[in-house]
Amino acid sequence: SIPVCHKGDWVYEITLSCFLKICLFLLDRRKLHAAPIVRTFRLRPFHFLVATGGGYAGYRQYEKYKEEQLEKMGIEIPIKLASEWEVSLYKSVPTRLLSRAWGRLNQVELPTWLRKPVYSLYIWTFGVNMKEAAVEDLHHYRNLSEFFRRKLKPQSRPVCCYHSVISPSDGKILNFGQVKNCEVEQVKGVTYSLESFLGPCTSIEDMQFSQTSSPNSFQNQLVTKEGNELYHCVIYLAPGDYHCFHSPTDWRVSHRRHFPGSLMSVNPGVARWIKELFCHNERVVLTGDWKHGFFSLTAVGATNVGSIRIYFDRDLRTNSPSYSKGSYNDFSFITNNNKEGIPMRKGEHLGEFNLGSTIVLIFEAPKDFNFHLKPGQKIRFGEALGSL
């Protein structure tokens, strides 16, 4: 049987991209015919590059899907990482532009008679369970954006009170464990740099890093208490999942770092293909501390996820039309009037995606911290991730 979320994920992204490209091509067709021959030849390579990049990305998605099926049959697939030119070709697809276009399309109010057919198609494609929604009547949602951000019935996601860290969202566990040698696994066998992902440390006063930490190791700078280790957990949200995310524990958010970047797909197939995928993509890093030391939650953007919203951060703007490669901007929640930062309770609403994406937790804990997880398992918001 074909898992609905995998099938819908890559088919959805490729179909939407191709549809928008065809529309743009038809709108520019007259201009191309009326333009001088020299101008026409200047434009055609761009269209060819975009079409080739989109087609190749779709082919890679299909190959990764087949590999996942072989893995389920117990056949081990050797890791094949993308080369630099393959990553560059994938990046040539205007995913940021397409994501902004998709975001505007989501805001268009649908006629009442059209809402049920459109939402029913989405529900069937991605396996959405509307019985958990606070409002089950499809006519209630005026546009796709409201449908994506639907709230759940309070009793549908009980928050586990017996474990110190819970899942901040619905999704699939891609990887978890200890951070070693300043490298983090995005999926089994494929790593990325912890420093590239989080960015350089801010001031010691803001991040509350230990004065005794070794300045030669970025990982050691994050560990504030002797005997503690650094842990990570990666959760992938498919398009059919609940799109809001919550606080995974009781902690204080002191700092936000926003990395503009690409909006490549983050589904498990692509995560196994592109090394440091999460470092390429746009992301919002929230850092602070909990009772055991350093704690961070990162919301990673993806194709058609141009909007990452943090409820208490009104200044955050994602997927802007232009940005400088490798740039980031910082914002501190610690001020003269608010020296504690933003306190968050376990299970409290934290933010939302416009569609499925990825949450990465990186936190400090004692050595006897244990995850109650299995790689690849489905998890729901409120269920236990781990405890001491």
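Let's start with Ser357, which sits in the loop between β13 (349-353) and β14. An unreviewed UniProt entry annotates Ser357 as "modified residue: Pyruvic acid (Ser)". UniProt positions are given in the numbering used here, feature names are shortened, and such annotations may be inferred rather than shown by experiment.

Two words on the model. It is predicted, so local features need pLDDT of at least 70 and side-chain atom pairs count only at pLDDT 80 or more, while totals for chains, interfaces and linings use all residues. Residues are numbered from 1 along each chain as its sequence is written, and side-chain values use heavy atoms, with hydrogens and water left out.

Is Ser357 buried or exposed? Ser357 counts as buried because its relative accessibility is 0%. Buried means under 20% relative accessible area, exposed over 50%, partly exposed in between, with a 1.4 Å probe and protein chains only.

Now Thr358. Thr358 belongs to strand β14. Thr358 is buried too, because its relative accessibility is also 0%. What does Thr358 touch, leaving aside neighbours within four places in sequence? Its contacts include Val234, Ile235, Tyr236 and Leu237. Phe278, Thr298, Ala299 and Val300 are also among them. A contact means heavy atoms within 4.5 Å.

Next, the pairing. Two strands pair if DSSP finds at least two bridges between them. β14 (residues 358-366) runs antiparallel to β9, with 6 bridges. Ala299 stands opposite Ile359 of β14. Val285 has Thr298 of β9 as its bridge partner. β8 and β9 make a hairpin, with 2 residues between them.

There is also an open sheet of 3 strands. Its order is β1-β17-β15, and the pairing is antiparallel. β1 (165-166) and β15 (370-371) are the edge strands, each pairing on one side only. 2 bridges link β1 to β17 (residues 384-387). Val165 has Gly386 of β17 as its bridge partner.

On to the cores. A nonpolar core is a set of buried Ala, Val, Leu, Ile, Met, Phe, Trp, Tyr and Cys residues joined through side-chain atoms within 4.5 Å. The largest has 36 residues. Which residues have the most contacts inside it? They are Leu194, Phe197, Leu198, Ile274 and Phe278. A second, separate core has 32 residues, including Cys233, Leu297, Ile379 and Leu385.

Stepping back to the whole chain. There are 12 helices and 17 strands. Of the 388 residues, 53% count as buried. Among contacts with a separation of 6 or more, 78% come from residues 24 or more positions apart.

Last, confidence. pLDDT is the predictor's confidence in each residue, from 0 to 100. The chain mean is 79, and 77% of residues reach 70 or more. Residues 1-12 fall below 50, and this stretch has 28 contacts in the model beyond near neighbours in sequence. Residues 29-41 are below 50 as well, and this stretch has 4 such contacts.

How values were computed: Helices (H or I, at least four residues) and strands (E, at least two) are DSSP runs, numbered from the N terminus.
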